[in-house]
Amino acid sequence: MSFLRPRDLIRAVRCCKTAADERSVIQRESAGIRTSFKEVNSMDARYTNIGKLLYIYLLGYPAHFGQIECLKLVASGRYSDKRLGYLGIMLLLDENQEILTLITNSLKNDLNHSNMYIVGLALCTLGNIASAEVATDLVDEVERLMETSNSYIRKKAALCAVRIVRKVPELLDSFVEKTKHHLSEKNHGVLLSGLALAIELCEHSSEALVQYRALVPNLVRQLKTLLTAGFSPEHDVAGIADPFIQVKILRLLRILGRGDAISSELMNDILTQVATNTDAAKNVGMAILYETAVTVLDIQSDTSLRVLAINILGKFLANRDNNIRYVALSTLTRAMATESAAVQRHRNTILECLHDVDISIRRRALHLAFALIQPSNVRMMVRELLSFLEVADAEFKPGMTANICAAAERFAPSRRWQVDTVIRVFQTAGNFVKEENVDNFLALVANQPDLQPFVVQKLYIHMQKDLAQTALVQTGVWALGEYGDYLWQSPGVASPEGQADAELEQCNAKPTEIITLLDNIMQLPYVTVTTRQMVLTALIKLSDRLQSSSSTVKDGDALDALGLGSTASAPSPATPVAQIQGILKQHAASVHVELQQRAVEYSNLFCSEFDESRGAILERMPVPKYHPEATVAAGDLLLGGGAQGGQVGIATQSVPGASSAGSSGSLLMDLMDDAGPSATGALSGSTLAITAGPSSQPSATVDLLADIFGDTSLSQNTTPTVSSAVVSPASVAAINSQGDLFDLLGQPAPASSAGVPPAPEATASYEAYNQHGLCITLYPIKDPAQPQSVLISVRFHNQSATDTVRNLLLQIAVPKSQKLHMQPPSATELGPGQEAMQSIRVHNPSQSAVRLRLKIVFGTSGGQQIDEIVQFAGFPPTLV
Amino acid sequence: MIRFILVQNRQGKTRLAKWYVPYEDDEKLRFKGEVHRLVSTRDQKHQSNFVEFQNYKIVYRRYAGLFFCFCVDANDNELAYLEGIHFFVEVLDAFFGNVCELDLVFNFYKVYAILDEVFLAGEIQEISKAVVMTRLDHLDKLE
């Protein structure tokens with residue numbers, strides 16, 4: 001059973017109550033149409049079937065079996081058949097289907113048909129779905145039709161040509177000349193399609209562009225006629241004569257005037273006229289003004305005209321229509337590159353748009369607002385943006401924090417202001433701050449000793465109010481650990497710009513309060529493990545600050561404040577130090593391995609063995625390098641309007657993802673200061689993790705550690721000993737039994753003599769063998785990507801001045817739990833002073849200590865055969 | 001240029017779809033859903049009529065229960081396309097006499113004919129309502 005007419009089918013479908021009903025109706029009908037296609041071969045049946053099929057297709061059901069039937073329908077002589085056939089072809093086929101070439105012949109016949117409506121149908125089909133192949137076959141017909149007297153055909157032919165040029169740009173030459181006639185047409189439809197074709201030609205061919213530049217006066221005249229023409233009801237839209245043509249002409253002028261001073265000069269007058277005479281009351285007028293402004297900004301126009309264009313867009317911003325504000329903001333953002341001074345004048349309106357109800361307008365306004373920041377207005381702009389940050393949508397916040405930090409970095413009038421700004425960012429949107437911003441802020445503070453008291457007080461005050469902002473808490477905890485002593489040592493710090501800051505004045509915290517605050521942070525359920533680790537480190541560092549101040553400060557009050565009293569040498573249970581020990585003890589059984597380890601390690605630091613060295617271990621961290629570019633690059637928006645030429649090159653918005661990724665990479669690289677992740681680097685991991693915040697743990701550097709060591713009064717021999725004791729990640733059991741610990745420490749002694757400063761590759765080196773003129777040095781590298789294996793470069797150096805080492809052979813054995821891969825050495829024969837390298841990889845899934853047994857076999861030039869076996873287990877345990 | 005035109009009702013049923021750029025069938029289906037989701041959730045009063053869609057822009061306008069959505073190049077003049085949509089709707093209105101959704105359903109092939117008279121190859125073809133109407137009358141007589 002099938003329905004007679006398409007109309008009946010539509011009714012039946014509309015009557016369906018459920019989707020399942022609809023599906024069954026459609027399936028039945030589709031089946032009916034299929035059989036009918038096979039059995040009946042009359043045009044009438046085909047006509048109704050295709051009609052029904054197209055409706056089925058529109059509902060989203062498959063209808064491709066009708067393609068061939070459409071082709072047959074097109075071959076019919078009747079207009080209505082052709083019309084439905086072509087409609088079917090346009091719906092069911094597209095340029096990518098091979099079957100399309102089958103219609104070339106029908107199209108060709110119809111293009112030559114005497115009935116202009118049939119020609120129109122064929123042109124329409126050609127224009128909508130022509131493939132490159134069909135276009136090439138029919139280009140001659142289209143060319144011919146562009147010259148007929150019938151305007152209906154002419155305009156369709158021109159648009160077909162647009163399609164052909166898009167598909168096969170090589171064919172454009174033949175149209176360049178013919179399109180010129182279209183451009184001087186009186187008929188608006190033909191003129192419009194001619195303009196579309198001209199735009200297409202100029203975009204594809206520089207030759208056409210040059211030729212059409214000669215027509216600029218002609219186009220200017222046409223535009224002028226439209227401006228001055230009286231009322232013509234046919235093309236009038238809301239009181240403006242043919243806005244579509246005006247927009248198209250302006251667009252063509254833009255392409256022609258771009259980079260051509262002479263053409264631009266010719267357009268100046270008319271553009272000014274359009275800009276001043278167009279009525280901006282309705283959307284139509286706005287469309288023209290908008291197009292004019294874009295054209296003015298794109299071509300080489302007068303300065304005054306450009307300012308006029310910016311002012312038009314500025315006026316758009318105050319418009320009540322969202323659409324107008326939207327286009328104005330995106331255009332102004334683009335215009336920032338060249339016209340930043342003019343755009344600056346509309347700053348206040350732009351900032352108002354930050355509070356628009358439409359999120360896409362807010363987004364654009366934000367983009368533009370960041371682009372507007374420059375040294376002269378940075379205080380005011382950042383103030384505005386900070387107040388917006390409080391109410392901004394969550395999706396804006398990550399970008400905003402990065403960009404405000406970047407702006408503060410780049411245009412800071414003073415470091416103090418910058419620090420203050422960044423703290424405010426952390427305080428308002430601390431959960432959206434990128435790690436590199438936190439890292440860089442810490443580096444900045446470490447580099448500004450005069451600001452440290454201010455920073456620590458400010459952060460402390462904020463933390464007392466709010467512990468929910470990750471970045472604030474992390475920086476705060478770090479600052480308390482490093483500079484906590486300022487809180488009880490120097491009451492009242494001069495606030496920014498010398499004014500007394502009431503808030504800061506009253507900040508005179510007792511150590512117990514600070515420790516309680518840190519303890520509170522540890523208790524919070526939402527604080528991350530990284531932050532907790534930082535808290536533990538801050539606590540242990542504070543314990544040292546407390547003790548050192550107790551020994552230096554003689555004042556009785558101060559001692560009371562510390563809770564140490566007169567018997568400071570032996571802390572009673574109520575003292576802050578005891579409090580710290582209590583907290584560490586709590587976490588010695590933490591489920592997080594890292595926390596547990598730290599807590600245990602730090603607790604052990606209170607043992608009397610460390611009395612000598614504790615101060616050195618826990619002193620302030622060495623000042624890291626500060627990289628302002630990294631902050632700036634972390635902001636991914638267009639900042640400071642490129643034109644201002646800031647001191648730092650910024651990655652523009654083109655590849656935000658890539659640029660930020662790149663910058664964090666380089667930040668890490670820089671922090672590492674060219675040192676590979678080395679044994680010592682890894683060692684310093686836990687004490688110095690705070691140096692650069694959570695992200696850069698693996699990158700804490702040789703440099704830093706070397707600094708620590710350099711600053712201490714202790715000899716180098718003891719320092720590595722202690723540091724490995726502090727941070728050994730070996731099992732807790734191993735740490736608890738001190739004997740084991742010192743077992744491990746037995747080995748590094750030779751290393752430290754050769755160790756820092758490191759060898760050429762700046763990795764730590766370990767001398768494994770040095771006899772008979774041959775020195776073998778090991779350079780272990782830990783690849784963070786492959787935590788279970790250690791890459792060791794072996795360097796053979798013939799230290800003898802005369803002897804040659806021959807037939808060098810190195811054999812290595814490792815414990816059973818490990819696996820060894822060896823590459824061949826770069827040479828087996830070493831002349832006097834020569835070197836060779838060999839790389840080996842130790843795969844160590846059980847994470848046990850790397851121990852090597854080396855068998856070294858070589859002959860000297862004196863004929864002596866050396867065959868020796870040595871043991872080596874001197875790698876630091878963190879290398880595992 | 002216009003990449004595609006969709007006319008959808010508030011439930012997301014597509015009443016007219018015209019593709020000037022070839023897409024796979026499943027892509028078309030996905031776009032219909034995505035465009036509907038993008039457009040129908042927007043606040044008519046307080047939001048602009050433009051939405052970014054992939055690398056392009058959707059310029060849309062709502063007439064009663066129907067959304068007319070044009071997907072256009074990112075650097076095209078959105079305001080002008082808004083006028084274009086309005087012109088198309090005016091022609092539909094003049095042709096059907098106070099057009100409603102059902103007219104589009106039952107006369108879908110005529111709607112396509114009107115569309116093809118107003119837009120061709122992704123460009124606006126004719127901007128005079130009078131010209132389009134006379135053409136359509138002629139075409140109707142030929143049936």
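Start with chain B and select its open sheet of 5 strands, ordered β2-β1-β5-β4-β3 with antiparallel pairing. Strands here are DSSP runs of E, at least two residues long, and helices are runs of H or I with at least four residues, both numbered from the N terminus. Two strands count as paired if DSSP finds at least two bridges between them. What you have open is a predicted model: local features need pLDDT of at least 70, side-chain atom pairs count only at pLDDT 80 or more, and totals for chains, interfaces and linings use all residues. Residues are numbered from 1 along each chain as its sequence is written, while chains are lettered from A and ligands numbered from 1 in the order in which they are written.

Next, colour the edge strands of chain B, β2 (14-19) and β3 (50-53), each of which pairs on one side only. Averaged over the sheet and ignoring direction, neighbouring strands are turned by 20° against each other. (Axes are lines fitted to C-alpha atoms, for helices over the stretch in contact; angles run from 0 to 180 degrees between N-to-C directions.)

Zoom in on β3(B) and β4 (residues 56-63) of chain B, an antiparallel pair with 4 bridges. Show B:V51 and you will find B:I58 of β4(B) opposite. Contact means that the C-beta atoms of two residues, placed from the backbone, lie within 7 Å.

Move on to where the chains meet: 51 residues of chain A and 35 residues of chain B take part in the contact. On the chain A side, helix α9 (residues 151-167) of chain A gives the largest share, 7 residues.

Now select A:A161, A:A369, A:L539 and B:C69, which touch the most other members of the largest nonpolar core, a set of 241 residues. Such a core joins buried Ala, Val, Leu, Ile, Met, Phe, Trp, Tyr and Cys residues through C-beta atoms within 7 Å. Buried means 20 or more other C-beta atoms within 10 Å of the residue's own, again placed from the backbone. Around A:A161, show A:V142, A:M146, A:F175 and A:L197, its contacts when residues up to four places away in sequence are not counted.

Finally, zoom out to chain A, with 42 helices and 10 strands. Of its 880 residues, 48% are buried.

Definitions and conventions
A residue is buried if 20 or more other C-beta atoms lie within 10 Å of its own, exposed if 12 or fewer, and partly exposed in between; C-beta atoms are placed from the backbone.
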